[in-house]
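Here's a quick briefing to read with the model open beside you. Start with the domains, then move on to the chain contact and the helix pairs.

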Amino acid sequence: MPEIEDYRGQNPAWCPGCGNLQILRVFKMAMAEMGLEPHELLLVSGIGQAGKFPHYTRCNTFNGLHGRTLPVSQAIRMANHDMRVIAVAGDGDCYGEGGNHFLAAMRRNLNVKLFVHDNQVYGLTKGQASPTTAEGTVTGTQPFGVLSEAMNPVALAVAMDCSLVARGFSGNQEELKELMKTVLEHKGFALLDIFQNCIVYNKVNTFQWYKERCYPVGPDHDPTDREAAFRLALEFGDRIPTGVIYRHDRPLMEDLMPVIAGAEPLVRQPFSQEDVAGELERFY
Amino acid sequence: MDYTIRIGGQAGQGLQTIGAVLGKLFARSGFHVFTHQDYMSRIRGGHNYYQLRLADHPISSSRSLVDILVALDKTTVAGHRGELAPGGIIIYDSGTIKEKYEGESFLDVPARKIAMDTAGNRLMENTVAVGAILGMLGLGLEALDKLLEETFLRKGREIVDQNVAAARAGSDYARENCGQCAFTVPASASGDGPAARRLLLDGTNAVGLGALMAGCRFYSAYPMTPSTGVLTFMAAQGKKHSLVVEQAEDEIAAINMALGASFAGVRAMTGTAGGGFALMVEGVSLAGMTETPVVIYVGQRPAPATGLPTRTEQGDLLYVLHAAHGEFPRVIMAPGTPEQAFYLTGKAFDLAEKYQVPAFIISDQYLADTEWTLDGLDPSRIEYHDYRLRAADLDKLDDYKRHAFTGTGVSPLAEPGASRHLVVTDSDEHDEDGHLIEDADTRNRMVEKRLLKKMPLIREEISPPLLYGEEGARTVICGWGSTYGVMREAVDVIGGAGSIAMLHFSEVYPFPGTSKFDYLRLLGRAKRTICIENNATSQFAQLMRAETGFEFSDRVNKFDGRPYLLDELLEKLQALEKSPA
């Protein structure tokens, strides 16, 4: 059985007190509890503070470009559907730069798990507004306050019929750990939007701010009830629900692609030139 | 024997179908065939044509003058009657185009009426036209009957019989009514003996076949003319040949998907045109930094911006060469023929995998859509070697570093998940393990490994340009990519020992060295050196000067979105000949 220590990577370069540190700690615990070995996992990350995540643990890693975690992750699943693939992104990374990929990924429903470290601000580039920054927030690049309405990724995901939609908070570690496990065990594309505090650049949505508002959805909520899920998803004020908001078990794209459905992963399917040479014939 | 048939009409009238059937027939009968297409960016209407040249000797370009003009509408008659060769005939159906033309050069074939009379089906009118053309050329219908059976049997025997009857009626009509037809075509190109079977292949399918033979397993793309054909070809192969094909949400996703699949351990490719490539550029840089093999097909079309979407230009050579931030090695193949497109796509895969670099195949609408007859293709000439470390190799290793420093700069590329070894890569500068670093020493060593060590090795793999003609030629015409055919034929026509030769570059980057063939010496000895390009700024000539210091004495350019036709190039060369060298 793997130990938490097996997941120790480089020393994080995040600020002391950053919510990312808690997410990292919870991640390692969840992986160890699930009995997953580092080589059985592939983390794909983009750019941003969250993009550094894979370096601070141990597993197969593709740390690519800003916003592009999902295209890479999905193709990895198409090429090797035995691999557990987690896409680690930030709110600017996934919802801003990678918005189109986010929409397409929810439609495709490949078995990719998307962890979005959502601190409602750009941390790496020093404090500009992200798609989830509250309207009116003043930043260096939005001196008159953010004029756009904040994006609600959880509501968007429910609207897009994302196979599993969950929200957690870095400060509620036990709940977050269970959510990570639930998400990983789910068969389908899953969004786990994780609130985290940015101690340097987000003076509004602080640790305390989240702590006061986040409450678990509780056993009464039926995540397969889409209307109920949508109502919960829209709740974003004095109280913000966390937990599994929505679940729709729908066919995996891996099971719909004739080349790989019920077959060996593409990466292990044999190739010989003799098998394909016959294709020349139809051009005679 | 050398005849040109041009089929003109509106999009949706079936001119491609007529052209494709004729092309295949002639190729099967052993003739040399060359076809090209000129079409507008619309699905119905407008004016398009499909041009087909057949000869009893090798040909590699289109001519300007037409021997048989098949006019499916009045616009075709009006627009092309002036391009009729002496003895040329325009065939049309006065019943459908609602116009009657008088004169020796017109043959009114009531195709729709014949289709209704013989088959009771007006859809057969194009088959009547094919029959009529064969009748005009004095060719038999056996090969056509066979092709109609192959094509239509899945729709039922009745449809096959209707088509066969329609073709026969069209042929009979032409033979009886075309007294002025004076075409002389042997029954097959090889005279009395059995015809040599030939492949008829365009640049698009050649790239697709090359990729297939090279073990491509993943193709992701966003549709864009003229590259969509490769996506369609690959999609059709999917189930049969273990190929995953995904239409991405945009070109950014397309290249990132190809990189993801490649990282996971399969050979991957993406394709687009110049505008889509603009979106892919950051991904090219990512391939460079992460040393992830990928093959990128770029079909050029006239730009900037949307340009002339369905037409041709060689305007993106320097763009493809310089696209992406940062310094890293890349390979650029610029095939000039479908045959080269097949083999060079194979070579692009081999070099991409061997050196873990992005490799480009740069084509254009003209090459993508022109069909050539080929004697055959040999898949075994496409190198296939799995350079990646798989489970069996990895289990023997005590230690594995994705970006390990090595003598050649090429680090071991492992399949993630195949063993306990972790495979880590990063778009940030990284250490041997793939983890991000910022120190100067590691940065220096990584640039040396990734770029400076690999580049000379890749250059060694590049083949020299092809010389057609004699070494001591007074005039050397030079080009790259799709101008191959027309330049080659210009050399044939101008002829004369020692007067003219062609130098064609199909592997353009890394720029070929002179150790295998001293082409600079050849150029230096020529009295006149002419660089011929389908662009406005002679991009290859610029590259040549940058890489070798050699400056061509003359440059010929064409940037109207159309390819060079043989007669047009000959005129330009003759005009140059008269000017002082």
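Chain B is split by its domain assignment into domain 1 (2-197), domain 2 (201-381), domain 3 (391-461) and domain 4 (466-578); such bounds come from an automatic or database domain assignment. Keep in mind that this is a predicted model, where local features need pLDDT of at least 70, side-chain atom pairs count only at pLDDT 80 or more, and totals for chains, interfaces and linings use all residues. Residues are numbered from 1 along each chain as its sequence is written, while chains are lettered from A and ligands numbered from 1 in the order in which they are written.

**Confidence**
- The model comes with ipTM 0.98 and pTM 0.97.
- For chain B, pLDDT (the predictor's confidence in each residue, from 0 to 100) averages 95, and 98% of the residues score at least 70.

**Domains 1 and 2 of chain B**
- Taken over C-alpha atoms, the centres of domain 1 of chain B and domain 2 of chain B are 34 Å apart.
- Domain 1 of chain B puts 12 residues into their contact and domain 2 of chain B puts in eight; two residues are in contact if their C-beta atoms, placed from the backbone, lie within 7 Å.
- On the domain 1 side, α1 (15-28) and β2 (32-38) of chain B are the elements giving two or more residues. Helices (H or I, at least four residues) and strands (E, at least two) are DSSP runs, numbered from the N terminus.
- β2(B) has the largest share of that side, with six residues.
- By class, the domain 1 side holds five nonpolar, seven polar and no charged residues. Here Ala, Val, Leu, Ile, Met, Phe, Trp, Tyr, Cys and Pro count as nonpolar, Asp, Glu, Lys and Arg as charged, and the others, Gly among them, as polar.

**Where chain A meets chain B**
- The contact draws 45 residues from chain A and 56 residues from chain B.
- On the chain A side, β2 (60-63), α2 (69-79), α4 (99-108) and α9 (273-277) each supply at least two residues, and the largest share, eight residues, is from α2(A).

**Helix pairs**
- In chain A, α1 (residues 19-34) and α6 (residues 173-185) pack at about 50° with axes 9 Å apart. Axes are lines fitted to C-alpha atoms, for helices over the stretch in contact, and angles run from 0 to 180 degrees between N-to-C directions.
- α1(A) and α6(A) are therefore oblique to each other: angles under 35 degrees count as roughly parallel, over 145 as roughly antiparallel, 65 to 115 as roughly perpendicular and the rest as oblique.
- Among the residues making this contact are A:F27 and A:M34 of α1(A) and A:L176 and A:M180 of α6(A).
- In chain B, α5 (residues 125-137) and α7 (residues 157-177) pack at about 40°, their axes 6 Å apart, and that makes α5(B) oblique to α7(B).
- The contact of α5(B) with α7(B) sorts into 11 nonpolar, six polar and three charged residues.
- Also in chain B, the axes of α10 (residues 251-264) and α11 (residues 274-290) come within 7 Å and cross at roughly 30°, so α10(B) and α11(B) are roughly parallel to each other.
- The contact of α10(B) with α11(B) has eight nonpolar, three polar and one charged residues.
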